[in-house]
Amino acid sequence: MGFFSKLKKAWSSPEDAAQQALDEYKREKGIEIEEHSASEPESPAVQQTVATAPQTETDAAPTPETDWQAGLTLSLRQAEPKLSQWLNIIVEGVDEKGPALWDRLAFLFKALGAPDAEAKDFIAKFDAWLDEMGYVVVAEFKSELQFRLALALDLEDEEDERDRLFLKLSEGISKTREQITKRIDTLLSSHTSLNDEFWEEFEEILIMADVGMEAANQLMDNLKARARKAGTDNPDDFKAILRDELEDIFKVPPRIEAVNPPEVLMMVGVNGVGKTTTIAKLAYRAQMQGRKVLIAAGDTFRAAAIEQLEVWANRINAGFFAKAEGSDPAAVAYEAMDKAISEGYDLLLLDTAGRLHTKTNLMEELTKIQRVVGKKHEGAPHRNVLVIDATTGQNALSQTKLFNEAVGVDEIILTKLDGTAKGGVVVAVTLQNKLPITYVGLGEKMEDLRPFNGKDFAKALLT
Ligand SMILES: Nc1nc2c(ncn2[C@@H]2O[C@H](COP(=O)(O)OP(=O)(O)OP(=O)(O)O)[C@@H](O)[C@H]2O)c(=O)[nH]1
Ligand SMILES: [Mg+2]
């Protein structure tokens, strides 16, 4: 059972909801409410808010304040146990940011059993972010608000959030799906068995979708073996076989090691793939989850790169460390490591340059960074994260190979999966390197960097 279902169950049985409705009615009419027996299970503050409000103002008519709180309580109790539904109730009738919204949001936090201080902090940060972004109207930021709530309350795994993510992923890869799935459907409808001609045409589809020759061959071998094992050469069974195979391909477990904080992530990748913005998104996620984050500007090649990172750090309220343009990136990393340790940061994110024309130097520079932070802090950098841009198709493969050989890659973040038909490269990258894809970028907003789930990807691709 999910968090919301549990909470709802703890709140009340249907009778209690009815009792609440009655209380609400009485309160509206200004009729005094008698005490109920204490059989209701003790639970988060909604209960208390409603129960205590009338006691403090026994004789007075209900204030507008108790009214909205009671109304919200009732609505929350009756709503489907989903964050999205609850958020809809919270923002109902509120068009813009402001005290009314913050009161209601604080009330939701209370209802969910979160401490007051956490609610205050969340709201203050969110308000500051809205100012920074210039968002005023609820419709502009509701989705972001839900994402933040899910992160802050550790509800990202709730069914509702997973559904939302799936939808987002599904939309994000619609062009890739168009490229692959429509063609597969046509292929399947024109064949009565999985014969040689079928496989040849299937291979063509894979190549067109940027899976690449080598990976395509490997994939086909696996699929043929699966079909044989299942004793079928019926095209009707093909999609299920392909889905199973894709799920298996993506089952690369991320390397999780016990890390002695601060944890250090080094972001690598060629220029323009999205390293800097992904660092901001990761920092933001980590902060929402209560970690103290320091971002270091290891791309000292361009002043603009340092500034870009600083703007992001300020925007999300993360720590920031930089030296002048042209400084030695390893020195930046070393000093940032120092700062992270002495100031008690939980996570250090190292941005790096990505210029391609000095490939050898770049790799030397990266290994030097690794060396110096490792000297300062045992095991650091704990994760080398390679950022690749899905729109580059086959180049993603050579980049993975290059970086993996030079500095060792622990995981991959695939950006710009939205709006490309070349998403098939995910299959090739995973198949050929056996590296886990941990996040995918589905757009430019903060909420657009999401954990990658291979099973969902396979499903979204083939439905
Ligand atoms: N649509 C979309 N755009 C993205 C995504 N991730 C990053 N971008 C955009 O890609 C552009 C380049 O991003 P940066 O973060 O500056 O890339 P970088 O790797 O740091 O680039 P260099 O510092 O030049 O090496 C920016 O305009 C980002 O907004 C994504 O997942 N989807
Ligand atoms: Mg950058």
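Good morning, everyone. One point before we start: the model is predicted. Please keep that in mind throughout.

Let's begin with empty space. Rolling a probe the size of a water molecule over the atoms shows where empty space is left.

Start with the largest pocket. How much space lies in it? About 780 Å³. The lining is made of 33 residues. Five of them are closest to the centre of the pocket: Pro254, Arg383, Glu411, Thr438 and Tyr439. Find those on your screen and you have found the middle of the pocket.

Which elements give two or more residues to this lining? There are strands and helices in the answer. The strands are β1 (263–268), β4 (347–352) and β7 (437–441). The helices are α14 (275–288) and α20 (454–462).

By class, 16 residues are nonpolar, six are polar and eleven are charged. So much for the pocket.

Next, ligand 1. It has 18 residues around it. The closest are Lys275, Thr276, Thr277, Asp418 and Glu444. Which element gives the most to this shell? That is α14, with four residues.

Let's go through some contacts, one by one. First up is Asp418. An N or O atom in the side chain of Asp418 is 2.8 Å from a nitrogen atom of ligand 1. Then comes Glu444. A polar atom in the side chain of Glu444 lies 2.5 Å from an oxygen atom of the ligand. And then Gly443. Here the backbone is involved: an N or O atom of the Gly443 backbone sits 3.3 Å from an oxygen atom of ligand 1.

How much of the ligand does the protein bury? Taken alone, ligand 1 exposes 650 Å². The protein buries 79% of that.

Two residues are nonpolar, nine are polar and seven are charged.

On to the cavities. How many are there of 30 Å³ or more? The count comes to three. I will show you two.

The largest cavity holds about 70 Å³ of space. Its lining includes Ile180, Ile184, Phe202 and Leu206. Val211, Leu219, Leu242 and Leu246 line it as well. Val427 and Leu461 complete the list. What about the classes? Ten residues are nonpolar, with no polar and no charged ones. Three helices each supply at least two lining residues: α10 (174–189), α11 (196–208) and α13 (238–249).

The second largest cavity has about 40 Å³ of space. It is lined by Leu165, Leu169, Val440, Pro451, Phe452, Asn453 and Asp456. By class, that gives five nonpolar residues, one polar and one charged.

Now the backbone. Where are the cis peptide bonds I want to show you? One joins Pro261 and Pro262, with omega about 0°. Pro262 is in the loop between α13 and β1. Another joins Ala380 and Pro381, with omega about -10°. Pro381 is in the loop between α17 (359–376) and β5 (383–389).

Stay in that loop for a moment. His377 lies there too, between α17 and β5. Is His377 buried or exposed? Its relative accessibility is 6%, so it counts as buried, the cut-off being under 20%. What does its side chain reach? The backbone oxygen of Asn260, at 2.9 Å.

Last topic: positive phi. Take Asp210. Its phi is near 65°, a positive value in a residue other than glycine. Asp210 lies in the loop between α11 and α12 (213–229).

Asn317 also has phi near 65°, and it too is a residue other than glycine. Asn317 is in the loop between α15 (303–316) and β3 (319–321).

Which of these is buried, and which exposed? Asp210 has 14% relative accessibility, so it counts as buried. Asn317 has 56%, and exposed means over 50%, so Asn317 counts as exposed.

That is the tour. Thank you, and I am happy to take questions.

Definitions and conventions
Residues numbered from 1 in each chain as written. Chains lettered and ligands numbered in written order. Predicted model: local features only at pLDDT ≥ 70, side-chain atom pairs only at ≥ 80, totals over all residues. Heavy atoms only, no water. 1 Å grid on protein atoms, 1.4 Å probe; cavity = no way out; pocket = protein on both sides within 12 Å on 5 of 7 lines; lining within 4 Å. Points joined across faces, edges and corners; volume = space filled by probe spheres on them. Nonpolar A, V, L, I, M, F, W, Y, C, P; charged D, E, K, R; others polar. Near = heavy atom within 4 Å. Polar contact = N/O pair within 3.5 Å; in protein donor to acceptor, adjacent residues only side chain to side chain. Areas by Shrake-Rupley, 256 points an atom, 1.4 Å probe, with all protein chains shown as cover. Buried < 20%, exposed > 50% of the residue type's maximum accessible area, 1.4 Å probe, protein only.
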